Amino acid sequence: MFPSTSPEAGRDPWPGGPRPGPADPTRGQPPAPRTGPAIDDVERRERGGPRRARRSGVPARRSEDDVEVEEEEVVPPVEVRRPLSLTVAGFAALLGVGLVLGAQTSGPGHRLPFALIIFGVQLLFVLAWTMAMRPPALLLVAGVSAAVAGAADVAAVQTEVAGLAPLGYLAAAAFLAAVLGQLVRRVDRVRVTDSLGTTLLIVVGVVAFGTLIVLSRIPAGTQAITVCLTASGVALTVARLTDAVLAWPRLAPQVPRGAAGVVAGAMVGTLVSAVLGSYLVAPFTPTRAAMIGLVAAVTAVLSDLAVGYAEAGRLMAGELPTMWVARHMQGPLGGFALAAPAAYAMCMLFL
């Protein structure tokens, strides 16, 4: 409706003329002032458009922060399975005992039994890590890793001067061979960039076990192997046993591990190495043995923990778990694989 002038408004009617029509909006009375707050163009643009009337019963628009808070899902923590933790602890203890006893059989001109034990552990490492991480061209990577394991053991036994240079050359050659084998196949070529780290970890871990054979040929090397591997085995076992009893505080909801187990394992492993150092001959002392054992124990438990984080990441990414036994052997095997070069380095630095 357009505004019009009424005779009751106190104005005279139009004389002798026709009845006026609707008044021009430009000449009519000014509109009534708005009672609501004024919104200028700048504020309207910031809000993304003009305000719209909200019908009764329709809730107000929620801000983006409120929507994000409501949409964020609370991830329940993964259950810590006590039988599984006890099983992994037993496997770590058996593996440590086997490696320590195998080192005691090593002697000048008699290193073949220890090399055979190391080769068996290397094959377990290849099986567990390839089945758990599943790189492209899995059979090729596993075959190259097994071949370089045998070559590294032979090089560690047969070389005139005990050193890590032959093992480093073999690791580099095996890594290049595995990558080239993945590039040849068109199906695996797409994933070769993502699998570089996986292939490198498998190859380096296999060759790292050969460090123990090299260390057994160095004076006081067998005693260093005993101290470091005992500390690593005790640390891994205590960490898993603690998780079976009290996995607290949780390091991540998706990882069934607790900080108490990691800390307790490293501390008990260091204590056991110090006790062993008090019974060994020179140049070992309780202080030196504790320092060497501390490095080996911390390396082992952190490697085992990193494997747990990697497994949780693969499950969150949607990858299907494969080979239950291999996945849970992966942590202790990775811990001993990294403890071996750590033992060699500490022996060279402190003994």
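The legends below describe close-up views of aromatic pairs, a surface patch and salt bridges in a predicted model. In this predicted model, local features need pLDDT of at least 70 and side-chain atom pairs count only at pLDDT 80 or more, whereas totals for chains, interfaces and linings use all residues. Residues are numbered from 1 along each chain as its sequence is written, and side-chain values use heavy atoms, with hydrogens and water left out.

**View 1. The stacked pair of F125 and W129 in helix α4.** Rings of Phe, Tyr and Trp (its six-membered ring) are paired if their centres lie within 6.5 Å, and planes under 30 degrees apart count as stacked, over 60 as edge-to-face and the rest as tilted. By this rule the count comes to 2 aromatic pairs. In one of them, F125 and W129 are stacked, with 5.1 Å from centre to centre and 20 degrees between the planes. The two residues are 4 apart in helix α4 (residues 112-133), and are therefore separated by about one helical turn; helices (H or I, at least four residues) and strands (E, at least two) are DSSP runs, numbered from the N terminus. F125 has a relative accessible area of 1% and is buried, and W129 is likewise buried, at 9%, where buried means under 20% relative accessible area, exposed over 50% and partly exposed in between (1.4 Å probe, protein chains only).

**View 2. The edge-to-face pair of F125 and F209.** The ring centres of F125 and F209 are 5.9 Å apart and their planes stand at 70 degrees, so the pair is edge-to-face. Because F125 lies in helix α4 and F209 in helix α8 (residues 196-216), the pair ties together parts that are 84 residues apart in sequence. Both F125 and F209 are buried, and one aromatic cluster is formed by F125, W129 and F209.

**View 3. A nonpolar surface patch that includes L127.** L124, L127 and M323 make a nonpolar patch of about 230 Å², with accessible areas taken from the Shrake-Rupley method with a 1.4 Å probe, for which, in the case of residues, only the protein chains shown count as cover. Patches are made of residues with over 30% relative accessible area and no salt bridge, like charges being joined within 9 Å and nonpolar side chains (Val, Leu, Ile, Met, Phe, Trp, Tyr) within 5 Å. L127 is found in helix α4 and is partly exposed, with a relative accessible area of 40%.

**View 4. A network of salt bridges linking R240, D243, R257 and D304.** A salt bridge is a side-chain nitrogen of Lys or Arg within 4 Å of a carboxyl oxygen of Asp or Glu, and a search of the whole structure finds 5 of them. R240 and D304 meet at 2.8 Å, N to O; R240 lies in helix α9 (residues 221-245) and D304 in helix α11 (residues 286-316), so this pair ties together parts 64 residues apart in sequence. R240 is buried at 14% relative accessible area, as is D304 at 1%. In the salt bridge of D243 with R257, the closest N and O atoms are 2.4 Å apart, and the pair links D243 in helix α9 to R257 in strand β2 (residues 255-258), 14 residues apart. D243 is buried, at 2%, and R257 counts as buried, at 4%.

**View 5. The salt bridge between R327 and E311.** The closest N and O atoms of R327 and E311 are 3.2 Å apart. Since R327 lies in helix α12 (residues 324-350) and E311 in helix α11, the pair ties together parts that are 16 residues apart in sequence. Both R327 and E311 are buried.
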